[in-house]
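Q: Can we go through the helix packing in this one? Sequence and model below.
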Amino acid sequence: MAAIEAAALERRTLPRLTLVERAVRKVARMILAAHHLIPASRKPPAPDMYAVSLETAQEALGVFHTAAGQRRQAAADLIATG
């Protein structure tokens with residue numbers, strides 16, 4: 001039920017976000033998805049931004065390498081702050 005509520009909230013707030021904020025959230029979702037796929041015996045206690053390479057973020061966002069790094073760092077900060 002919490003996932004459904006979170007998805008509904010995301011749909012309501014998405015139109016008010018800037019393109020950068022949307023990109024950061026996209027990379028954050030990628031980081032969380034990669035963290036979820038790590039086997040429990042090897043899973044770190046918190047999601048790690050390095051689970052998504054800069055090249056993967058760059059390709060997913062269609063931005064330059066530097067922008068992909070900035071978005072990935074912002075996504076990690078977003079995850080860390082909840």
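Q: What do the buried residues of α3 pack against?
A: The buried residues of α3 pack against α2 and α4, with contact meaning heavy atoms within 4.5 Å. Helices here are DSSP runs (H or I, at least four residues), numbered from the N terminus. This is a predicted model, where local features need pLDDT of at least 70, side-chain atom pairs count only at pLDDT 80 or more, and totals for chains, interfaces and linings use all residues. Residues are numbered from 1 along each chain as its sequence is written, and side-chain values use heavy atoms, leaving out hydrogens and water.
Q: Which residues in α3 are buried?
A: L54, A57 and L61, in a helix covering residues 54–61. Buried means under 20% relative accessible area, exposed over 50%, partly exposed in between (1.4 Å probe, protein chains only).
Q: Why are they on the same side of α3?
A: Because they cover an arc of only 65 degrees around the axis, taken from the directions from the helix axis to the C-beta atoms.
Q: What comes just after α3?
A: G62, with a positive phi of about 70 degrees.
Q: Switching to α2 and α4: at what angle do their axes cross?
A: Roughly 70 degrees, and the axes of α2 (residues 19–37) and α4 (residues 65–81) come within 8 Å. Axes are lines fitted to C-alpha atoms, for helices over the stretch in contact, with angles from 0 to 180 degrees between N-to-C directions.
Q: And T66, buried or exposed?
A: T66 counts as exposed, because its relative accessibility is 56%. T66 is in α4, and its C-alpha lies 8.8 Å from that of L54, 12 residues apart in sequence.

Conventions: Helices (H or I, at least four residues) and strands (E, at least two) are DSSP runs, numbered from the N terminus.
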